[in-house]
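Colleague: Could you take me through this structure? I would like to go by topic.

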Number of protein chains: 2
Amino acid sequence: MKKIDEYTEEELVYLQNKLLKEYAHFKNKHLHLDMSRGKPSSQQLDRSNGILRVLDSYETEDGIDARNYGVLDGIPEAKRLFSDLLRIPDANIIIGGNSSLNLMYDTMTRFMLFGSLGSTPWCKLPKVKWLCPSPGYDRHFSVTESMGIEMIPVPMTEDGPDMEVVEKLVAKDELIKGMWCVPLYSNPQGICYSAETIDRMCSMETAAEDFRIMWDNAYGVHDIYEKIRLKDIFVTAKKFHHKDRIMYFFSTSKITFPGAGVALIAASKRNIAEIKKHMSVQTIGYDKLNQLRHVKYFGTADGIRAHMQELAKDLRPKFDVVLKTLEREIGDSGFATWMEPKGGYFISVDTLPGCAKETVALAKEAGVILTAAGATYPYGNDPHDSNIRIAPSYPTVEELAQAMNLFCLCVKLAGVTNLLEI
Amino acid sequence: MKKIDEYTEEELVYLQNKLLKEYAHFKNKHLHLDMSRGKPSSQQLDRSNGILRVLDSYETEDGIDARNYGVLDGIPEAKRLFSDLLRIPDANIIIGGNSSLNLMYDTMTRFMLFGSLGSTPWCKLPKVKWLCPSPGYDRHFSVTESMGIEMIPVPMTEDGPDMEVVEKLVAKDELIKGMWCVPLYSNPQGICYSAETIDRMCSMETAAEDFRIMWDNAYGVHDIYEKIRLKDIFVTAKKFHHKDRIMYFFSTSKITFPGAGVALIAASKRNIAEIKKHMSVQTIGYDKLNQLRHVKYFGTADGIRAHMQELAKDLRPKFDVVLKTLEREIGDSGFATWMEPKGGYFISVDTLPGCAKETVALAKEAGVILTAAGATYPYGNDPHDSNIRIAPSYPTVEELAQAMNLFCLCVKLAGVTNLLEI
């Protein structure tokens with residue numbers, strides 16, 4: 001494929017005109033598609049409908065009536081199910097409500113108001129700073145931003161956050177209190193943290209005694225092409241004597257139903273004890289019937305794994321069409337680069353610098369909604385204006401094919417226009 | 001009935017011996033009963049089992065798939081259901097998760113971290129104080145205590161909190177930021193706030209601009225003997241130009257299932273906008289399928305009202321046996337006084353001063369668990385050591401009859417022992 005630096009000025013003008021014609025043609029199709037959020041399709045949700053009819057009794061295995069008050073940290077069979085699935089001891093797991101984001105928010109709130117394991121409440125400090133591997137998950141960034149925490153972007157490498165940068169920053173600045181991580185099939189790039197990255201995160205010395213890694217394993221069992229598993233974060237953290245550093249989150253939002261699933265937090269013994277102390281004031285406990293539904297529906301961790309293979313069958317053709325269209329329409333031209341994730345929910349595309357906002361605007365004008373350009377960076381500020389997150393889960397394969405043709409056209413049109421600008 | 005001040009010393013000794021014999025007899029029965037929490041009985045929960053089988057479709061009335069992401073503040077039909085039930089405009093309602101306590105905790109957390117409608121975040125103030133009408137709900141007090149808020153007890157009258165005391169305190173101290181209220185069938189006394197009390201709460205001038213009334217209408221439709229309705233809090237607050245003062249909470253914990261019900265917060269337009277802003281960062285939204293279950297099961301507000309009448313039929317004989325046993329065993333002797341609630345979940349008994357702890361301890365030794373003495377006061381500190389909360393909802397009528405015989409015996413035994421002490 002012809003590379004952008006091989007075009008003459010004249011050829012670029014010609015290409016621009018050609019792309020503009022194609023774009024006008026697309027606009028006439030009046031598309032109406034949303035690829036902005038990592039939202040499961042109705043077809044995917046249908047695969048979990050059985051969970052709504054599975055409750056025939058209400059007693060937990062230890063004889064608690066799941067319909068009544070009682071049990072703060074999750075019914076034992078639900079803890080065991082996720083313990084088996086994630087290979088975390090059940091004593092280190094608390095089953096929460098319907099949203100892991102909410103558990104993360106609550107965790108940050110507690111750090112702000114109460115500190116962690118005896119440290120000064122962060123709201124009493126003159127300033128708190130936070131590392132944000134970027135591109136990353138916009139809703140993580142919203143949480144830290146809303147609490148007035150200064151966010152410091154850290155570049156991503158194909159092995160995870162750039163640990164050279166991370167180590168240098170955390171070693172000297174005690175106001176840096178933690179970092180966001182989506183370690184497996186990262187949002188949006190689909191990067192899986194390497195064993196070395198995890199070793200370095202767990203072993204690095206931090207100026208802040210209460211430095212915390214918010215380990216959002218959102219896609220922990222969400223393989224699409226391959227089954228990738230991370231180095232065990234708790235075992236590694238323990239080895240390096242930093243086991244209190246890890247706050248681990250997971251949910252079934254993209255296993256059963258977003259909003260009607262089950263979320264969990266896992267942490268060291270001391271952290272779990274502290275969280276339970278606060279939770280016992282915060283709530284009467286979470287929805288045990290929904291926990292029981294999940295246990296009865298899946299039975300075992302293998303039940304969940306089999307279910308995820310079914311979901312992957314639906315998602316694979318969607319990822320295929322995105323990746324194949326990018327390859328066919330953009331290829332090695334240089335108009336954009338991207339990664340090929342092996343799982344998760346997103347594909348991340350980097351346009352030419354200064355072209356992401358324009359690409360998203362062009363697509364929107366032609367009826368395809370993408371995640372806002374910049375959203376993958378703290379404060380919505382992508383310094384190169386180049387990163388765009390594609391969420392292929394919701395549309396059908398046919399819709400995606402159309403949307404991706406348009407998307408690639410917009411990438412090139414924005415690119416060529418940018419190149420021609422004086 | 002013979003009154004305590006009519007007893008001679010000799011008669012008291014005789015009575016004590018008689019009671020000790022009866023107590024020994026009770027201990028041989030090896031009772032094992034729990035009247036500590038306002039927990040529905042299994043029989044009551046059975047009346048809502050149908051709600052678990054009611055979901056046959058997943059679409060909300062505005063075409064949202066309730067199984068998927070989307071909708072922060074509640075599906076429209078759920079808002080309307082509770083709007084009709086509580087006579088609050090649906091625009092002023094946010095449907096939350098499964099626990100109104102959690103909504104209150106979140107609300108307090110927001111005040112601490114962000115302030116309210118532009119005020120200074122409370123965590124930035126040197127001190128925050130809070131009014132706690134007492135006896136009151138122990139879990140309210142735990143929330144304020146956990147946040148380091150200084151709690152000031154305010155006496156209860158039969159019309160609600162003593163407004164003379166409240167008005168004087170809030171007028172001069174700008175660090176007093178709010179108060180807890182359970183306005184209908186208060187926990188534990190079953191007191192219903194009078195129209196005058198509500199008028200004064202809504203009209204009083206407060207030194208703190210961001211003074212907030214946490215209006216926990218936990219028993220808003222939980223009539224047992226009579227149907228009592230409060231003066232409309234929002235209309236009243238609006239009339240006196242203090243509509244931002246009210247944060248209103250409600251849940252179906254004691255309508256359907258504790259822990260698997262639906263909770264809500266209602267507030268002024270400005271407050272709702274601010275809460276939504278924070279919630280949009282905090283969570284992906286609450287469980288819409290459970291909201292839909294409640295709508296489909298009850299249909300209308302009248303459906304809920306009819307259901308509550310059924311529940312009242314179960315609860316009435318339980319309240320009857322508690323009140324009748326108190327009347328028969330203690331009557332006007334002076335060993336204790338109590339109120340006769342018309343609804344709610346509790347009966348509050350005041351023993352002779354200095355006798356509540358001993359009464360609870362005696363009951364426990366004989367196998368009946370009561371709410372810890374003092375729990376109904378801030379910091380667990382009942383200055384007179386006299387208030388005991390009785391929760392009759394969980395045991396059967398037969399069990400209650402036994403437990404109440406024991407309870408009255410313990411009240412008298414603790415009383416007479418106290419009177420004989422030198």
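**Strand pairing and packing**

Modeller: This is a predicted model. We may begin with a bridge in chain A, where Trp180(A) has Met214(A) of E7(A) as its bridge partner.

Colleague: How many bridges join E6(A) to E7, and in which sense do they run, parallel or antiparallel?

Modeller: E6(A) and strand E7 (residues 212-216) of chain A run parallel and are joined by four bridges. E6(A) is also joined to E3(A), again in the parallel sense, through three bridges. In that pairing Lys129(A) is opposite Ile176(A) of E6(A).

Colleague: How many residues of strand E6 of chain A are buried?

Modeller: Six of the six residues in strand E6 (residues 176-181) of chain A are buried, and the strand is mostly covered.

Colleague: What is Trp180(A) in contact with, leaving aside its neighbours within four places in sequence?

Modeller: The contacts of Trp180(A) include Met104(A), Met108(A), Trp130(A), Leu131(A), His140(A), Phe141(A), Tyr193(A) and Met214(A).

Colleague: Which residues have the most contacts inside the largest nonpolar core?

Modeller: That core has 68 residues, and those with the most contacts inside it are Met108, Trp180 and Met214 of chain A together with Met108(B), Trp180(B) and Met214(B).

Colleague: Turning to aromatics, how many pairs are there over all chains?

Modeller: There are 20 aromatic pairs over all chains. In one of them, Phe111(A) and Trp122(A), the ring centres are 4.9 Å apart and the planes stand at 35 degrees, so the pair is tilted.

Colleague: Why does that count as tilted?

Modeller: The angle of 35 degrees between the planes of Phe111(A) and Trp122(A) falls between the limits, because planes under 30 degrees apart count as stacked and those over 60 as edge-to-face.

Colleague: Where do Phe111(A) and Trp122(A) lie in chain A?

Modeller: Phe111(A) belongs to helix H4 (residues 100-114), while Trp122(A) is in the loop between H4 and strand E3 (129-134), so the pair ties together parts eleven residues apart in sequence. Phe111(A) and Trp122(A) are both buried.

Colleague: Where does the charged end of Lys2(B) sit?

Modeller: It sits over the ring of Tyr7(B), at 4.8 Å from the ring centre. Lys29(B), in turn, is over the face of Phe26(B), 4.6 Å from the centre of that ring.

Colleague: Now the sheet in chain B: in what order do the three strands come?

Modeller: The order is E10-E11-E13 in chain B, an open sheet with antiparallel pairing. Strands E10 (336-338) and E13 (387-390) of chain B are at the edges with a single partner strand each, so one side of each has no neighbour in the sheet. From one strand to the next the twist averages 25 degrees.

Colleague: Which helix packs on the sheet, touching E10, E11 and E13 of chain B?

Modeller: Helix H11 (residues 301-329) of chain B does so, and its direction makes about 20 degrees with that of E11(B). Helix H13 (residues 397-420) of chain B also lies across E10, E11 and E13 of chain B, running at about 180 degrees to E13(B).

Colleague: Back in chain A, are the faces of strand E13 covered or uncovered?

Modeller: Both faces of strand E13 (residues 387-390) of chain A are covered, with Asn387(A) and Arg389(A) buried on one side and Ile388(A) and Ile390(A) buried on the other. E13(A) pairs with strand E11 (residues 347-351) of chain A in the antiparallel sense over four bridges. Within that pairing, Asn387(A) is the bridge partner of Asp350(A).

Key. Residues numbered from 1 in each chain as written. Chains lettered and ligands numbered in written order. Predicted model: local features only at pLDDT ≥ 70, side-chain atom pairs only at ≥ 80, totals over all residues. Heavy atoms only, no water. Phe/Tyr/Trp six-rings, centres within 6.5 Å; stacked < 30°, edge-to-face > 60°. Helix = DSSP H or I, 4+ residues; strand = E, 2+ residues; numbered from the N terminus. Buried < 20%, exposed > 50% of the residue type's maximum accessible area, 1.4 Å probe, protein only. Lys NZ or Arg CZ within 6 Å of the ring centre and 35° of its normal. Core = buried A, V, L, I, M, F, W, Y, C linked by side-chain atoms within 4.5 Å. Contact = heavy atoms within 4.5 Å. Pairing = 2+ DSSP bridges. Axes fitted to C-alpha atoms, helices over the stretch in contact; angles between N-to-C directions.
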